[in-house]
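Biologist: I am new to this structure and would like to know what stands behind the terms used for it. Please show me the structure and take me through them.

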Amino acid sequence: MATTTQAPAETKPVTSLSNQEILRYSRHLIMPEVGMEGQLKLKNAKVLLIGTGGLGAPLGLYLAAAGVGKLGLVDFDVVDFTNLQRQVTFGSSDVGKHKTEAARARLGSLNPDIQIETFETKLDSSNALELFKDFDIIVDGTDNFPTRYLVNDACILLGKPNVYGSIFRFEGQVTVFGMPEGPCYRCLYPEPPPPGLVPSCAEGGVLGVLPGIVGSIQAMETIKLILGRGDNLVGRLLLFDALGMKFRELKLRKNPNCPMCGSNRTIHQLIDYYEFCGVRGEEAPAPELGVPEITPRELKARLDRGDDLFILDVREPHEYQICNLQGNLIPLGELPRRVHELDSSREIVAHCRSGKRSAEAVDFLRKAGFRKILNLKGGILAWSDEVDPSVPKY
Amino acid sequence: MPVKVIIPTPLRTYAGKRDSAEVHAATVGDALGGLTTEFADLRRHLFTDEGKLRAFVNVYLNDEDIRYLAKENTPTKDGDTISIVPSIAGGSLAVDVEKEMF
């Protein structure tokens with residue numbers, strides 16, 4: 001675990017601000033709701049951000065700008081070119097760098113008066129309690145169910161607030177878990193969805209501004225918790241629909257029988273969250289359908305030879321518009337009712353973006369009696385890498 | 001008695017891309033039953049094979065979780081809103097999840 005600190009560790013509470021800090025935070029200081037007392041609370045606060053991605057970007061920027069004295073950043077990832085559409089902490093020159101390091105540089109330049117601690121590691125059951133113990137508030141900006149349950153359970157075990165935000169396409173959910181009187185994530189969702197029922201990559205994607213809005217709300221809730229001001233989202237689930245531009249609020253109740261925060265707790269330590277969520281190992285299970293495959297180079301050679309192949313593209317129409325292999329488009333979801341459009345006597349090569357959905361299509365068609373059908377290994381991404389780099393990757 | 005059911009983004013694919021539906025129903029269970037009759041694909045996403053609501057899908061009548069009312073037997077009245085709220089996990093986002101999950 002790489003740990004770096006930018007400023008000397010502070011142990012005793014800070015009781016005054018420098019003249020430069022007073023100038024920097026003057027728009028806070030002149031508000032009675034913050035004032036010198038509140039600004040010192042911010043300076044003495046220690047907040048750990050889990051994830052420095054889409055939600056972590058506005059969180060890190062606003063909490064650093066607001067003068068939260070110690071910010072911890074946990075992320076194991078590196079900046080990818082596709083992150084820049086929404087992860088506004090990073091610039092084009094950061095691509096390839098570790099996210100924690102790129103974020104530390106950006107936030108440190110925004111506010112050199114704060115301490116930034118980076119943890120370039122994957123949060124798991126073996127390190128979560130140790131990482132969390134030195135912080136007052138944990139902010140969950142992760143992107144997967146196992147880590148969500150892990151963050152929740154670790155916060156409950158340590159008695160720390162968990163400022164929760166999650167997004168999907170153009171919808172967001174925000175609340176505060178882990179307060180003594182409030183519910184926890186398991187009260188809201190006792191069980192994770194089985195992997196097969198999470199929305200597929202065909203429905204993935206996100207409007208870049210959405211994590212900006214949801215992460216900003218998390219930052220606001222974090223600051224209110226530090227200041228002890230206002231009504232926070234404990235016991236309330238805020239739903240945001242960006243497309244309809246609607247905010248709604250639902251009541252969240254503490255489940256008296258919750259295995260984590262109920263009076264008869266049955267979970268007393270962190271568990272294996274990948275197993276709990278039905279996802280084994282570091283990576284999610286690779287497709288194990290065992291369908292017959294063809295590599296992009298083999299396909300290219302056969303097409304060049306003039307073989308009669310029917311190219312079946314099982315992606316969505318909007319993906320076809322991004323790039324295509326001039327295949328015949330039947331989205332995976334429509335395949336069962338459009339199977340009659342296919343000629344089982346012809347040789348079919350199915351493809352999608354990465355090869356996962358088309359493997360499902362091949363498996364389905366084989367069960368439907370198709371024998372001459374192959375899956376394009378690695379999908380259109382591999383085609384771009386191995387055959388035709390002019391085909392854009394997405 | 002028309003009741004409005006708000007369909008969340010992840011489930012719209014299975015509900016004819018609709019964001020809400022008006023159904024006539026006397027209880028929350030009736031309303032969801034009517035909805036899944038109209039959109040059969042939605043059924044396995046909301047209910048287990050035994051016909052129980054799935055644990056990762058929460059259903060609210062107006063702003064109250066039906067688990068704390070009379071569950072699926074909770075009576076509905078004209079103008080009520082039922083919200084289906086599934087768990088979503090994206091943060092740094094679905095595209096990144098895709099790399100892991102798909």
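Modeller: What follows is a set of questions about terms, each answered from this predicted model.

Biologist: What makes strand E3 of chain A count as enclosed?

Modeller: A residue is called buried if 20 or more other C-beta atoms lie within 10 Å of its own. Five of the five residues of E3(A), residues 70-74, are buried, so the strand is largely enclosed by the rest of the structure. The burial holds for both faces: A:Lys70, A:Gly72 and A:Val74 point one way, A:Leu71 and A:Leu73 point the other way, and all are buried.

Biologist: How do you know that E3(A) pairs with strand E2 of chain A?

Modeller: Two strands pair if DSSP finds at least two bridges between them. E2(A), residues 46-50, is joined to E3(A) by five bridges, and the two run parallel. As an example, A:Val47 has A:Leu71 in E3(A) as its bridge partner.

Biologist: Which strand, with residues 115-119, also pairs with E3(A)?

Modeller: Strand E4 of chain A does, in the parallel sense and over five bridges. In that pairing A:Gln115 of E4(A) stands opposite A:Lys70.

Biologist: Which helices take part in β-α-β units with these strands?

Modeller: Helix H4 of chain A, residues 56-66, makes a right-handed unit with E2(A) and E3(A). Helix H5 of chain A, residues 99-110, makes a right-handed unit with E3(A) and E4(A).

Biologist: Why are H4(A) and H5(A) called roughly parallel?

Modeller: They pack at an angle of about 30 degrees, with their axes 9 Å apart. Angles under 35 degrees count as roughly parallel, and H4(A) and H5(A) are therefore roughly parallel to each other. Their crossing is right-handed. Where they meet, A:Gly60, A:Leu61, A:Ala64 and A:Ala65 of H4(A) face A:Ala103, A:Leu107 and A:Leu110 of H5(A).

Biologist: What makes strand E7 of chain A mostly covered?

Modeller: Seven of the seven residues of E7(A), residues 171-177, are buried. A:Glu171, A:Gln173, A:Thr175 and A:Phe177 point one way, while A:Gly172, A:Val174 and A:Val176 point the other way.

Biologist: What joins strand E6 of chain A to E7(A), and in which sense do they pair?

Modeller: E6(A), residues 162-168, and E7(A) pair in the antiparallel sense over seven bridges. A:Ser166 has A:Gln173 in E7(A) as its bridge partner. The two strands form a hairpin with two residues between them, and A:Arg169 in the turn has a positive phi of about 60 degrees. E7(A) also pairs with strand E8 of chain A, residues 236-241, in the antiparallel sense over four bridges. There, A:Glu171 has A:Asp241 as its bridge partner.

Biologist: What does chain B contain?

Modeller: Chain B has four helices and five strands. Of its 102 residues, 43% are buried.

Biologist: Which strands are the edge strands of the sheet in chain B, and what makes them so?

Modeller: The five strands form an open sheet in the order E2-E1-E5-E3-E4, with mixed pairing. E2(B), residues 20-24, and E4(B), residues 64-65, are the edge strands, as each pairs on one side only. Helix H2 of chain B, residues 28-38, packs on the sheet and touches E1, E2, E3 and E5 of chain B.

Note on methods: Residues are numbered from 1 along each chain as its sequence is written. Chains are lettered from A and ligands numbered from 1 in the order in which they are written. This is a predicted model: local features need pLDDT of at least 70, side-chain atom pairs count only at pLDDT 80 or more; totals for chains, interfaces and linings use all residues. A residue is buried if 20 or more other C-beta atoms lie within 10 Å of its own, exposed if 12 or fewer, and partly exposed in between; C-beta atoms are placed from the backbone. A crossover is right-handed if, with the strands pointing away from the viewer, the path from the first strand over the helix to the second runs clockwise. Two residues are in contact if their C-beta atoms, placed from the backbone, lie within 7 Å. Axes are lines fitted to C-alpha atoms, for helices over the stretch in contact, and angles run from 0 to 180 degrees between N-to-C directions. Angles under 35 degrees count as roughly parallel, over 145 as roughly antiparallel, 65 to 115 as roughly perpendicular and the rest as oblique. A crossing is left-handed if the near helix is turned anticlockwise from the far one by less than a right angle, and right-handed if clockwise.
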